[in-house]
Amino acid sequence: MSMNATISRLKQGGGVIDRYREFLPVSDSTPIVSLGEGNTPLVYLAKLSARVGRGCEVFVKNEGVNPTGSFKDRGMTVAVSKALERKARALICASTGNTSASAAAYAARAGMPCAVILPAGKIASGKLLQAFVHGAKIIAIDGNFDDALRIVRELGERDDFVIVNSINPDRIAGQKTAAFEIVDLLNEAPDFHLLPLGNAGNMTAYWAGYREYRGRERSTKLPAMIGFQAVGAAPIYHNKVVEKPETIASAIRIGNPANWKQATAAISESIGAVDVVSDEEILDAQIWLAQNEGVFVEPASAASIAGLFKCCDSKSAAYSFQEIPDASRIVCTVTGHGLKDPDVILRRVEELKPVTAKIDNVRRAIGS
Ligand code: F0G
């Protein structure tokens, strides 16, 4: 590529719209708002693969390395570019944290005002900091995510706001690119795709992406889609709205998912499953992944890893990996970076006591 072509691509952000333009709802006249999102690592996990056994291969799609630290950026680049093209007055979203962080960053880049409606006291500190630093108007409500989304829907109807939640099809279109990247790298779709389920936009997007790619003959098969909810916030698992969802994984603390029907369709069409994992299993999986594979994810993301353990080990799992074909390929999406939500782990770090600055004391503290 010539230097001029490289610079012109860099000026467009060099992200998912640049790489997957033909699959996205953009034209030459769409102004591209990008931070170079996507192209995230697909990391092979030797220890998890051994845990599944029989030659199966496990990968994580590490979405925490996106520009604002979560998968939301893939959808936000498309949603904000389209909002700018339509000359929208302002952006708005409800959020459990990551959508607001991403919307705030892309709105700043686009030069558009952005309002984020958040459940008060329930947003992980890193995410709140992000929305703040990028200059979004933060409104904390005395209610949960579902209440926030209801208000946002009403404001979107009455006012000049463009809603950048996953009810906006441009968000789903952008998020499809994660499935494209996996197939491009593996030259085939995986056999199983595991991911956390909150508002269920990501499950909807991956399924659309896998189907679209198979339609274009980039793959010959489709994965079974397996979603995991937290025990205290599991409306899809129970097929019932949860009025007061509760979980340590605040990103998926949702009782009435907007993409409920689409996720249920993806699960049944793909012959997949939905299951639940407890807060304890989520936190254990988060630490396991950090200490055994070097990947630090936020609690909601660890739900897919906790889910994988459950599929391997538990008789009560909705999907048993004991019966899957040998040499199956499994991809788990880890959706957000661990540094966004440090509070639970910080409490343990704060228990560390200083040691006097003497070599013998330090040696003793190391335990050598
Ligand atoms: N993981 C993380 C880290 C998330 O932030 C979310 C959703 C999910 C998983 C679930 O994805 O909603 O597409 O099923 N976060 C939204 C937000 C709701 O407002 O940031 P989903």
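Tutor: Start with one term: two residues are in contact when they have heavy atoms within 4.5 Å. Keep in mind that this is a predicted model.

Helix H5 covers residues 98–110, and helix H6 covers residues 125–133. Their axes lie 8 Å apart. The angle between them is about 25 degrees. Angles under 35 degrees count as roughly parallel, so H5 and H6 are roughly parallel to each other. Their crossing is left-handed. Who touches whom? On the H5 side are Asn-98, Ser-100, Ala-101 and Ala-104. They meet Lys-127, Gln-130 and Ala-131 of H6. Sort this contact by class and you get three nonpolar, three polar and one charged residues.

Asn-98 also takes us to the ligand. A polar side-chain atom of Asn-98 sits 2.8 Å from a ligand oxygen atom. Gly-198 uses its backbone instead: a polar backbone atom there is 2.8 Å from an oxygen atom of the ligand. In total, 20 residues surround the ligand. The closest are Ser-95, Thr-99, Asn-199, Ala-200 and Thr-335.

Now turn to H10, residues 201–215. Look at its packing with H9, residues 177–186. The axes of H9 and H10 are 7 Å apart, at an angle of about 45 degrees. That angle makes H9 oblique to H10. The crossing here is right-handed. H9 brings Ala-178, Ala-179, Phe-180, Ile-182, Val-183 and Asp-184 to the contact. H10 brings Tyr-206, Gly-209, Tyr-210, Glu-212 and Tyr-213. By class, the residues are eight nonpolar, one polar and two charged.

H10 packs with H12 as well. Helix H12 spans residues 260–269. The angle between H10 and H12 is about 45 degrees, and their axes are 8 Å apart. So H10 is oblique to H12. H10 passes H12 in a left-handed crossing. From H10 come Met-203, Thr-204, Trp-207 and Arg-211. They meet Gln-262, Ala-263, Ala-266, Ile-267 and Glu-269 of H12. This contact splits into five nonpolar, two polar and two charged residues.

Note on methods: Residues are numbered from 1 along each chain as its sequence is written. This is a predicted model: local features need pLDDT of at least 70, side-chain atom pairs count only at pLDDT 80 or more; totals for chains, interfaces and linings use all residues. Side-chain values use heavy atoms; hydrogens and water are left out. Axes are lines fitted to C-alpha atoms, for helices over the stretch in contact, and angles run from 0 to 180 degrees between N-to-C directions. Helices (H or I, at least four residues) and strands (E, at least two) are DSSP runs, numbered from the N terminus. Angles under 35 degrees count as roughly parallel, over 145 as roughly antiparallel, 65 to 115 as roughly perpendicular and the rest as oblique. A crossing is left-handed if the near helix is turned anticlockwise from the far one by less than a right angle, and right-handed if clockwise. Ala, Val, Leu, Ile, Met, Phe, Trp, Tyr, Cys and Pro count as nonpolar, Asp, Glu, Lys and Arg as charged, and the others, Gly among them, as polar. A residue is near a molecule or strand if one of its heavy atoms lies within 4 Å of it. A polar contact is a pair of N or O atoms within 3.5 Å; within protein, one must be able to donate a hydrogen and the other to accept it, and residues adjacent in sequence count only if both atoms are side-chain atoms.
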